[in-house]
Amino acid sequence: MRLMLLLSIFCILFLVCPSSQQFPRICTTAEVLRTKQCCPVWEGDGSVCGATSGRGFCQDVVVSDLPNGPQYPHTNIDDRERWPLVFYNRTCRCAGNFMGVNCGECKFGYFGANCAERRESVRRNIFQLSVTDRQKFIAYLNLAKNTVSPDYVIVTGTYDQMNNGENPMFADISVYDLFVWMHYYVSRDALLGGANNVWTNIDFAHESAAFLPWHRVYLLFWEHEIRKLTGDFNFTIPYWDWRDAQDCEICTDELMGGRSPLNPNLISPASVFSSWKVICTQPEDYNRREVLCNGTGEGPLLRNPGNHDRRRVSRLPTSADVEFVVSLTEYETDPMDRTANMSFRNALEGFASPETGRAVQGQSTMHNALHVFMNGSMSSVQGSANDPIFLLHHAFIDSIFEQWLRRHQPPRTHYPAANAPIGHNDGYYMVPFIPLYRNGDYFLSTKDLGYEYAYLLDPGQRFVQEFLSPYLEQARQIWQWLVGAGILGALVAGIVAAGVALVCRKRRRQKKKRASAYGERQPLLNSSEESSTSYQTTL
């Protein structure tokens with residue numbers, strides 16, 4: 001009850017906090033779309049992009065002209081080409097440690113009024129969280145699912161359908177579903193004009209080099225938004241270490257929801273996730289009608305782990321699989337798509353064998369294997385983020401990416417600058433993020449971004465994070481009760497001691513009265529005996 005009250009208060013506070021996701025509400029008017037300038041005022045000093053305080057400036061967006069690969073042969077067809085120029089050609093460019101659509105926030109890993117405080121967060125194994133932290137995580141998920149984003153909206157039509165911005169087409173969305181929609185939008189098919197006339201071999205966040213950096217930024221922003229929504233700036237996304245797992249260990253009612261006894265494809269009614277509605281899960285229908293997902297609920301969350309096509313996924317990844325993939329020395333190899341051989345990215349994403357490094361067809365390994373294994377909402381790329389397990393899974397994928405970076409320490413030149421599929425070159429801005437982030441900027445260690453994974457810490461730090469911290473957290477939660485119990489115990493002990501003393505004193509007085517009644521006027525013992533008696537009495 002206390003937790004829900006705090007969440008409600010923080011939800012109210014959230015309404016006055018700026019956010020940092022795509023399509024800021026303030027930049028979706030016809031006037032802004034006509035001028036293509038998304039440079040909001042920072043309330044801190046009343047200037048555009050916080051320019052008066054030196055936080056940033058409104059500048060032209062300069063996109064890379066380096067060539068893309070041959071996978072997408074069209075030009076000026078899709079709104080995501082040369083992102084974000086179809087919608088905006090001027091945005092805030094933030095300086096120093098500032099970031100955000102109006103430069104009003106701090107870069108990842110920085111805090112404080114002037115973004116000068118450096119802090120490192122630690123993402124922990126969900127099974128190492130205290131019971132309180134697990135419950136808090138689930139409560140935060142549900143709060144995000146049921147809180148409309150006050151600052152951001154989703155686009156529900158193409159720029160052409162909006163008559164080049166004259167008739168804006170945007171819709172409200174919850175904080176959680178905003179991220180579901182973003183994952184849909186970045187991976188959706190390109191509409192070429194006409195029912196079912198689409199180009200499917202296009203994805204700005206999968207099947208090439210940007211897969212890992214894009215999802216790294218996605219998780220950082222999700223974490224960032226939850227912190228602002230709840231006011232809990234110590235919150236981190238937990239991960240599920242699925243190496244050598246035989247089943248869905250986190251599919252319990254205490255965690256991510258068990259299997260419904262009434263329908264194996266549904267979530268148990270005992271889980272809060274059983275009431276969730278999914279969005280963006282009908283791409284064939286959108287393509288037929290030439291529309292975009294508009295965020296409308298489309299049915300319950302589906303999951304039936306383990307009852308998938310065994311020919312496609314014979315087993316979940318093992319520790320040996322992870323070790324082999326991390327040992328691959330090349331981040332990306334030609335042709336830099338799902339057919340690449342001996343590519344760390346392609347092997348980790350799951351289009352290559354974790355035993356040979358060679359691309360495979362008709363099978364899903366590593367990252368892809370978990371999506372197929374879940375056999376439900378998570379198994380379709382465009383709608384996969386509907387399942388909250390998506391977050392735990394991708395947090396662990398991100399940690400494997402971090403293992404590879406630390407082992408091989410590649411220079412930025414290892415990331416492809418040109419000829420990758422559209423959206424994946426180093427200098428390409430990530431779709432659909434506003435503010436803007438380049439792929440290559442996140443080809444670096446988590447330490448530079450202000451976070452760490454518990455199992456990658458030094459042994460001493462790992463012991464504190466994975467074993468000691470949960471107990472300390474439990475003690476922190478109940479320390480008031482412990483202090484109260486100690487004070488109460490002291491009071492009771494004092495009362496008992498006082499009572500015993502009074503009883504003893506009363507008995508001595510009664511004994512003296514009885515002695516006086518028999519006429520005894522002299523002590524019966526000599527001085528040495530009196531001393532002995534006095535000692536015993538004192539004792």
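This is a predicted model: local features need pLDDT of at least 70, side-chain atom pairs count only at pLDDT 80 or more; totals for chains, interfaces and linings use all residues.
**Reading salt bridges, a pocket and a patch**

Reader: Which helices hold Asp398 and Arg216, and how far apart in sequence are they?

Author: Asp398 sits in helix α10 and Arg216 in helix α5 (residues 211-230), so the pair ties together parts 182 residues apart in sequence.

Reader: And are Asp398 and Arg216 buried or exposed?

Author: The cut-off for buried is under 20% relative accessible area. Asp398 has 3% relative accessibility, so it counts as buried. Arg216 is buried too, at 1%.

Reader: What about a salt bridge inside one helix, like Glu223 with Arg227?

Author: Look at the spacing there. Glu223 and Arg227 are four residues apart in helix α5, which means about one helical turn separates them. Their side chains form a salt bridge at 3.8 Å, N to O, and both residues are buried.

Reader: How close do Glu323 and Arg407 come in their salt bridge?

Author: Their closest N and O atoms are 2.9 Å apart. This pair links distant parts of the chain, with Glu323 in helix α7 (residues 319-327) and Arg407 in helix α10, 84 residues away. Glu323 is partly exposed at 40% relative accessibility, and Arg407 is partly exposed at 42%.

Reader: Which residues do salt bridges with shared partners join into one network?

Author: Arg123, Arg216, Glu223, Arg227, Asp398, Glu402, Arg406, Lys447 and Glu452. For the overall count, the structure holds 35 salt bridges.

Reader: How does the lining divide by residue type, and which helix gives the largest share?

Author: By type, the lining has twelve nonpolar, 22 polar and eight charged residues. Helix α9 gives the largest share, four residues. At least two lining residues come from each of α4 (175-187), α6 (283-289), α9 (366-374) and α10 (389-408).

Reader: Last one: which residues make the nonpolar surface patch?

Author: Ile487, Leu488 and Leu491 make a patch of about 310 Å². Take Leu491, which lies in helix α11 (residues 459-517). The cut-off for exposed is over 50%, and Leu491 has 53% relative accessibility, so it counts as exposed.

Conventions:
Residues are numbered from 1 along each chain as its sequence is written. Side-chain values use heavy atoms; hydrogens and water are left out. Ala, Val, Leu, Ile, Met, Phe, Trp, Tyr, Cys and Pro count as nonpolar, Asp, Glu, Lys and Arg as charged, and the others, Gly among them, as polar. Patches are made of residues with over 30% relative accessible area and no salt bridge: like charges are joined within 9 Å, nonpolar side chains (Val, Leu, Ile, Met, Phe, Trp, Tyr) within 5 Å. Accessible areas come from the Shrake-Rupley method with a 1.4 Å probe; for residues, only the protein chains shown count as cover. A salt bridge is a side-chain nitrogen of Lys or Arg within 4 Å of a carboxyl oxygen of Asp or Glu. Buried means under 20% relative accessible area, exposed over 50%, partly exposed in between (1.4 Å probe, protein chains only).
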